[in-house]
Amino acid sequence: MAYNNIVTDTKGAVGIIRLDRPKALNALCAELFEELADALDKFEADENIGAVVLTGSEKAFAAGADILEMQPKTYMDVYKSDFLSHNSERLSTFRKPVIAAVAGYALGGGCELAMMCDFILAADNAQFGQPEIKLGTIPGLGGTQRLTRAVGKSKAMEMCLTGRMMSAEEAESSGLVSRIIPLDDLMDEAVKVAGEIADLSQPIVMMCKESVNKAYETTLREGIMFERRLFHSTFSTEDQKEGMSAFAEKRTPEFKNR
Ligand SMILES: CCC/C=C/C(=O)SCCNC(=O)CCNC(=O)[C@H](O)C(C)(C)COP(=O)([O-])OP(=O)([O-])OC[C@H]1O[C@@H](n2cnc3c(N)ncnc32)[C@H](O)[C@@H]1OP(=O)([O-])[O-]
């Protein structure tokens, strides 16, 4: 598939997806979602890729779903086509770690896309928001749910009801992003961290991601049982033997991804 709205690249074992629709501040049109899903399918199937970085431009990670594309749609259009239920959710089912490297605007669907990633590294110029309310609609890609889980009800409610933007500092202090990086260093740092993760055992990393994500979907007791079972299952892998043997023998582990 030829891409018109994204650019993909690799650096070692890191897959990079850059949203690249500059004229519309990377607004998420249907074609972009289709391309993003295709790129994710390819990176997921590629055994040489251990982690992915999703980024945009310095001005915008993504300024939201494409308003001009949505504007003429009727209720019957969106209901019958189950608008947003297909390619736009692909990121949330991706099994390898994905880091969002966010600079500039991450608004509406852009903020929701960043929140589907496993963690967010924010440039110091990043701005997050769910401004859908100002357009006479509400978030439709998980914003009311993931933002509430990330920053708590009071701040999420304020953000969704007012549509105001949150600075990188506020996003970090409220737990939406894991760290703030100077804009010029953002991609280098994101690729470095992704590379460190990709050097670990891929199946163990996938289990760890699955277990952390379980915390969003279950009770504490069930989540702890799920984690315990996955933890037990790591003992069936060669990589657990290698990791612990390497520690005992004071050497660097050589993971084989099995
Ligand atoms: C997915 C699930 C549900 C989600 C819903 C949503 O996300 S709802 C969306 C939630 N998001 C919002 O409500 C944010 C909407 N965007 C804004 O408020 C402003 O663009 C800004 C404050 C981000 C930047 O202001 P600035 O003065 O620096 O820049 P500028 O304004 O001059 O924009 C440059 C060009 O980009 C264009 N374009 C930008 N965004 C979109 C878009 N989403 N769509 C389409 N096009 C968009 C803009 O029209 C212009 O094109 P033109 O005229 O040159 O052909």
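**Note on the predicted model: cores, ligand shell and selected residues**

1. The largest nonpolar core comprises 43 residues, and those with the most contacts inside it are Ile17, Leu54, Val102, Leu113, Ile120, Phe128 and Leu176. Helix α1 (residues 30–45) gives the most to this core, contributing six residues. Apart from it lies another core, of 19 residues, with Val14, Ala51, Ala123 and Ile181 among them. A nonpolar core is here a set of buried Ala, Val, Leu, Ile, Met, Phe, Trp, Tyr and Cys residues joined through side-chain atoms within 4.5 Å. Buried means under 20% relative accessible area, exposed over 50%, and partly exposed in between (1.4 Å probe, protein chains only).

2. On the basis of the model: it is predicted, so that local features need pLDDT of at least 70 and side-chain atom pairs count only at pLDDT 80 or more, while totals for chains, interfaces and linings use all residues. Residues are numbered from 1 along each chain as its sequence is written, and side-chain values use heavy atoms, with hydrogens and water left out.

3. Leaving aside neighbours within four places in sequence, leucine 54 is in contact (heavy atoms within 4.5 Å) with Ile17, Leu19, Leu36, Phe61, Leu91, Val98, Ile99, Ala100, Ala101, Leu113 and Cys117.

4. The ligand is surrounded by 22 residues, of which the closest are Lys59, Ala63, Ala65, Ile67 and Gly109; a residue is near a molecule or strand if one of its heavy atoms lies within 4 Å of it. The shell divides into 13 nonpolar, four polar and five charged residues. In this classification Ala, Val, Leu, Ile, Met, Phe, Trp, Tyr, Cys and Pro count as nonpolar, Asp, Glu, Lys and Arg as charged, and the others, Gly among them, as polar. At least two shell residues come from each of α2 (67–70), β6 (105–107) and α4 (109–116). Helices (H or I, at least four residues) and strands (E, at least two) are DSSP runs, numbered from the N terminus.

5. A polar backbone atom of glycine 109 is 2.8 Å from an oxygen atom of the ligand. A polar backbone atom of isoleucine 67 is 3.0 Å from a nitrogen atom of the ligand. For lysine 23, a backbone N or O atom lies 3.4 Å from an oxygen atom of the ligand. The protein covers 64% of the 1,000 Å² of accessible area that the ligand has on its own; accessible areas come from the Shrake-Rupley method with a 1.4 Å probe, and for residues only the protein chains shown count as cover.

6. Leucine 25, in the loop between β2 (14–19) and α1, has phi near 50 degrees, a positive value in a residue other than glycine. Its relative accessibility is 29%, so leucine 25 counts as partly exposed. Leucine 84, in the loop between α3 (75–80) and β5 (98–102), has phi near 80 degrees, again positive in a residue other than glycine. Leucine 84 is partly exposed because its relative accessible area is 22%.

7. Alanine 13 is placed in the loop between β1 (6–11) and β2 and, at 24% relative accessibility, counts as partly exposed. Beyond its neighbours within four places in sequence, alanine 13 is in contact with Asn48, Ile49, Gly50, Ala51 and Ala198. Alanine 13 and valine 191 are 178 residues apart in sequence and 9.7 Å apart in space, C-alpha to C-alpha.

8. Helix α10 (residues 220–234) holds threonine 234, which counts as buried at 13% relative accessibility. Leaving aside neighbours within four places in sequence, threonine 234 is in contact with Ile204, Met207 and Gln240. Arginine 228 also lies in helix α10 but is partly exposed, with a relative accessible area of 37%.

9. Aspartate 38 lies in helix α1 and is buried, with a relative accessible area of 18%. Not counting residues up to four places away in sequence, aspartate 38 touches Met1 and Tyr3.

Methods. Polar contact = N/O pair within 3.5 Å; in protein donor to acceptor, adjacent residues only side chain to side chain.
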